Amino acid sequence: MSDKHSAASGAVAATRALDSLVRNDRGRLLSALIARLGSFQLAEDALQDAMVSAVSHWSRNGVPHAQHGWLLQAAYRKAIDRIRQNKSEARKMMDMQPLARGEAADEPDDIPDERLRLIFTCCHPALEAKSQVALTLRTIGGLSTTEIARVFLDAEPTMGQRLSRAKAKIAGARIPYAVPGQEEWAERLQSVLAVIYLIFTAGYAAGPGQGRDLAEEALFLCRLLNRLRPGDPEIEGCLALVLITHARCLARVDADGTTVALAEQDRAKWNRAQIDEGLGLIETAMRRRAPGPYQIKAAIAACHIQGESSDWPQIVLLYDSLLRLEPTAVIRLNRAVALCEAGWLEPALRSLDALAGELSAYQPYHAARAELLVRMGQAEDAAKAYATAIALAGSPADAAFLRQRAARLGEQT
């Protein structure tokens, strides 16, 4: 009985240790393996094989002190096994020479942190945006193919094929596993931050309780990037933006599941520690005197939460600055909303009219237009805009919010 109890305890300890490693250090282990093996797929397969072996070995013999080193060495051996099974004799010898040196070494206590290179490889512009997000979530975030498929509302086999194609393209196109040089840094960094922020917005829109919390995953990725590349003002700006926005997550939906407008949120539900951290990061980034889009977006977020109400005139000025760096339709829409909230209704309407064709299928555009038309006393046109926005709503919470707004309009007429 005692042997069975001991075996069960060992299995529990092994499983807990592996679960912690997968969540906190899978990306670091995988990036070290890719750096050595030169192959995403071989590294991922070898690490998975090593983790399966760890369950058995650690359950019987106890969790080793150098867990990371044990897994890395086991993965090297598993990679050699896979090469032996799948390559010709000549290729085996070429591929196995560097691996054999790694296998012969003692289990390393200090695993080199190659995750910065991995992040930039996953977000390489040669990959389409959806594949960049999926590969980042898989390799750095450690999400399963099933979880990533759920994010994109794809079938699991479809997402599996997408991930496989992305890995194959990295290999076939010889995309370098490297941090870009100084001449490419600013442009490539914006791609990385865009992927992280896209992951965040997807999670923030879905809300908690929708499988793995993507907003938390994005916060983890942004903190990781800030640790790997400290002192970069745009990374600090992106982290500040994510923190300040995420701090309001518990207040953005009411008990009935309806979205709550920022001005109507219960500020007691905001996470003050995250807000303070975000504000501190903005100040640090701005002192570096190298302004960028994410720093400006973070400053806009700060203008929403620092006073008793949003500082709309200041927000308009910040959007003017942002438009010089990101002259996109969505930024112009956000500026039009700020104009409306600041009380400048006619300029706001002209701005929205100019965006009608480009954003005809974009729900926030119709919601913004409806609110502006309400303020201008054009109830009939506002009702039509609300109906379009409701039909395009991306979540039940947003749809409920818009129906609530439209109902208020009905009460006023």
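**Stop 1: two loop arginines.** Begin by selecting R289, which is placed in the loop between helix 12 (272-287) and helix 13; helices (H or I, at least four residues) and strands (E, at least two) are DSSP runs, numbered from the N terminus. The structure is a predicted model, in which local features need pLDDT of at least 70 and side-chain atom pairs count only at pLDDT 80 or more, while totals for chains, interfaces and linings use all residues. Residues are numbered from 1 along each chain as its sequence is written, and side-chain values use heavy atoms, with hydrogens and water left out.

R289 has a positive phi of about 55 degrees, although it is not a glycine. Most residues other than glycine have a negative phi. Is R289 buried or exposed? R289 counts as exposed because its relative accessible area is 76%; buried means under 20% relative accessible area, exposed over 50%, and partly exposed in between (1.4 Å probe, protein chains only).

Next select R174, in the loop between helix 8 (156-172) and helix 9. R174 is not a glycine either, and its phi is positive, at about 55 degrees. With a relative accessibility of 74%, R174 is exposed.

**Stop 2: the whole chain, coloured by confidence.** Of its 413 residues, 46% are buried. Colour by pLDDT, the predictor's confidence in each residue, from 0 to 100: the chain mean is 86, and 89% of residues reach 70 or more. Where is confidence lowest, and where highest? The lowest mean, 46, belongs to helix 4 (residues 89-104), and the highest, 97, to helix 11 (residues 233-246). Residues 96-109 have pLDDT below 50, and this stretch makes 26 contacts in the model beyond near neighbours in sequence; contact means heavy atoms within 4.5 Å. For the chain, among contacts between residues at least 6 apart in sequence, 63% join residues at least 24 apart.

**Stop 3: aromatic pairs.** The whole structure contains 5 aromatic pairs. Rings of Phe, Tyr and Trp (its six-membered ring) pair if their centres lie within 6.5 Å; planes under 30 degrees apart count as stacked, over 60 as edge-to-face and the rest as tilted. Select W58 and W70, an edge-to-face pair with 5.5 Å centre to centre and 70 degrees between the planes. W58 lies in helix 2 (residues 40-61) and W70 in helix 3 (residues 67-86), 12 residues apart. W58 is buried, at 1% relative accessibility, and W70 is buried at 16%.

Move to Y197 and Y294, which are edge-to-face at 6.2 Å centre to centre, with 75 degrees between the planes. Y197 is in helix 9 (residues 182-206) and Y294 in helix 13 (residues 293-305), so this pair ties together parts 97 residues apart in sequence.

Keep Y294 selected; Y294 is buried, at 4% relative accessibility. Which residues does Y294 contact, leaving aside neighbours within four places in sequence? They are Q190, L193, A194, Y197, E234, G237, C238 and L241. G237 is 57 residues from Y294 in sequence, yet their C-alpha atoms are 5.0 Å apart.

**Stop 4: arginines over rings.** A charge sits over a ring if NZ of Lys or CZ of Arg is within 6 Å of the ring centre and within 35 degrees of the ring normal. Select R252 with Y204: R252 lies over the ring face, 4.3 Å from the centre. Then select R229 with W185, where the charged end of R229 sits over the ring at 3.9 Å from its centre.

Stop 5: A nonpolar core is a set of buried Ala, Val, Leu, Ile, Met, Phe, Trp, Tyr and Cys residues joined through side-chain atoms within 4.5 Å. The largest has 86 residues, of which L33, W58, L71, L135, I199 and L225 touch the most other members. Helix 1 (residues 2-37) gives the most to this core, with 10 residues. A separate core of 25 residues includes I300, L333, Y365 and A368.

Select L135 and its surroundings: beyond four places in sequence, L135 touches residues including F40, C122, L163 and I170. The structure has 0 disulfides (pairs of cysteine sulfur atoms within 2.5 Å). For C123, the nearest cysteine sulfur is that of C122, 6.2 Å away. End with C123, buried at 1% relative accessibility, and C303, buried at 13%.
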